[in-house]
Amino acid sequence: MSRTKGDEEEYWNSSKFKAFTFDDEDDELSQLKESKRAVNSLRDFVDDDDDDDLERVSWSGEPVGSRTRPGSFQSLSDALSDTPAKSYAPELGRPKGEYRDYSNDWSPSDTVRRLRKGKVCSLERFRSLQDKLQLLEEAVSVHDGNVITAVLIFLKRTLSKEILFRELEVRQVALRHLIHYLKEIGDQKLLLDLFRFLDRTEELALSHYREHLNIQDPEKRKEFLKTCIGLPFSAEDSAHIQDHYTLLERQIIIEANDRHLESAGQTEIFRKHPRKASILNMPLVTTLFYSCFYHYTEAEGTFSSPINLKKTFKIPDKQYVLTALAARAKLRAWHDVDALFTTKNWLGYTKKRAPIGFHRVVEILHKNNAPVQILQEYINLVEDVDTKLNLATRFKCHDVVIDTYRDLKDRQQLVAYKSKVDKGSAEEDKIDAILSSSQIRWKN
């Protein structure tokens with residue numbers, strides 16, 4: 001896209017742009033990939049402190065690629081413009097009425113020195129290619145990102161792109177600054193031309209892919225993503241692009257069907273729990289939560305089936321269980337919660353099993369206001385005694401605490417706990433009965 005001199009100078013006066021610094025390595029492509037953020041970030045679920053913990057899903061209706069709070073699904077474009085410029089950038093204009101103390105005798109080093117001090121000065125006296133390149137090299141030598149970018153803006157305006165690209169190809173520091181600047185101002189056309197000239201095919205592909213953020217129509221965005229599938233991405237990114245396309249394709253089908261069901265008013269789940277937002281362009285983990293909330297019992301053959309999503313996108317068991325648990329607990333569907341953790345062996349015996357740990361199951365159930373009876377059942381499945389007592393005490397599951405101290409034959413702790421239950425309550429009577437029992441050999 002073409003930009004006027006005024007547009008380029010406005011770059012320095014806008015706080016939404018951040019300055020390039022020498023702390024950056026190459027560019028942000030090594031740190032962030034939009035495709036990874038869009039469909040493969042599965043760490044958006046329940047809070048905890050373990051290394052593999054996930055953050056709670058927020059069904060807030062924020063689309064993929066939108067500005068979100070920290071921890072939510074974000075796009076590559078978010079990572080490029082979240083931070084304001086770190087330092088003052090020199091103006092290239094000439095404020096009306098201001099005295100201009102400059103001379104045609106200024107050398108490149110004099111000019112760069114004035115730019116570093118934030119003084120107004122003109123670069124127009126540098127007319128020959130040799131003078132311009134000498135000015136650029138002087139700017140690079142002082143390691144000031146703002147000055148380098150100011151000079152690059154001048155070169156971009158006064159040199160043909162072929163000459164600019166050719167000269168920057170052998171000046172890698174300046175080249176990185178130009179790439180950063182073009183991404184900041186959104187000059188996608190010049191950026192693509194630059195990557196083509198440099199034969200940087202993967203970055204060219206990623207820049208092309210990034211254009212999907214500007215396409216609002218879901219069908220057009222889907223078709224655009226389809227054109228990205230054959231581009232020269234890395235093997236890992238190619239898989240992410242394919243997943244992104246498949247996810248949006250599926251979301252379009254689910255959205256059309258659910259909008260019809262909701263407007264018809266004949267489906268109970270949509271009557272009791274109206275949708276807060278469209279499912280279109282949502283991250284994968286949010287789509288799974290939505291599916292577990294509205295389509296939990298659907299057959300695997302349907303696109304909206306949670307099991308279908310799990311298999312199609314190879315969602316790990318732990319992530320699936322966390323998401324399904326949060327969705328069903330929010331609906332207070334305790335039977336579904338029970339079935340989620342019930343396994344049957346080849347002899348037909350059932351057993352409770354939780355790949356996320358029963359202590360985390362209890363935390364999620366409590367956050368969703370599960371009845372005490374439900375909490376007690378799952379607290380009793382926690383193997384570590386200290387963790388079990390901690391959870392039971394926090395959530396006032398008195399029977400679990402009393403039974404645990406009885407099993408531990410810890411009379412002192414049982415006597416101490418008696419003061420924490422209501423006088424005349426069934427729990428107090430239970431403690432008295434245990435303390436007076438002659439069948440228990442207390443350890444203290």
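This is a short tour of one predicted chain, from the overall view down to single residues.

The model is predicted, so local features need pLDDT of at least 70 and side-chain atom pairs count only at pLDDT 80 or more, while totals for chains, interfaces and linings use all residues. Residues are numbered from 1 along each chain as its sequence is written, and side-chain values use heavy atoms, with hydrogens and water left out.

**Whole chain.** Colour by pLDDT, the predictor's confidence in each residue, from 0 to 100. The chain average is 80, and 76% of the residues score at least 70. Now select residues 8-103: pLDDT stays under 50 there, and the model has 226 contacts for this stretch beyond four places in sequence. A contact means heavy atoms within 4.5 Å. Where pLDDT is low, the predicted coordinates should not be read in detail.

Switch to cartoon for 23 helices and 2 strands. Both are DSSP runs numbered from the N terminus: helices are H or I with at least four residues, strands E with at least two. Of the 444 residues, 48% count as buried; buried is under 20% relative accessible area, exposed over 50%, and partly exposed in between (1.4 Å probe, protein chains only).

**Helix α18.** Select residues 358-367. Phe 358, Arg 360, Val 361, Val 362, Ile 364 and Leu 365 are buried here. Just after α18, stop at Asn 369, where phi is positive, about 60°.

**Gln 376.** Move to α19, the helix that holds Gln 376. Is this residue buried or exposed? Gln 376 counts as buried because its relative accessible area is 16%. Leaving out residues up to four places away in sequence, show what Gln 376 touches: Cys 397, His 398, Asp 399 and Val 400.

**The loop between β1 and β2.** β1 covers 342-344, and Leu 347 lies in the loop that leads from there to β2. Leu 347 has 51% relative accessibility and therefore counts as exposed. Together with Trp 346 and Tyr 349, Leu 347 makes a nonpolar surface patch of about 470 Å².

**Cysteines.** Finish with Cys 121 and Cys 292. Cys 121 is buried, at a relative accessible area of 2%, and Cys 292 is buried at 0%. The structure holds 0 disulfides, a disulfide being a pair of cysteine sulfur atoms within 2.5 Å.

Technical notes. Patches are made of residues with over 30% relative accessible area and no salt bridge: like charges are joined within 9 Å, nonpolar side chains (Val, Leu, Ile, Met, Phe, Trp, Tyr) within 5 Å. Accessible areas come from the Shrake-Rupley method with a 1.4 Å probe; for residues, only the protein chains shown count as cover. A salt bridge is a side-chain nitrogen of Lys or Arg within 4 Å of a carboxyl oxygen of Asp or Glu.
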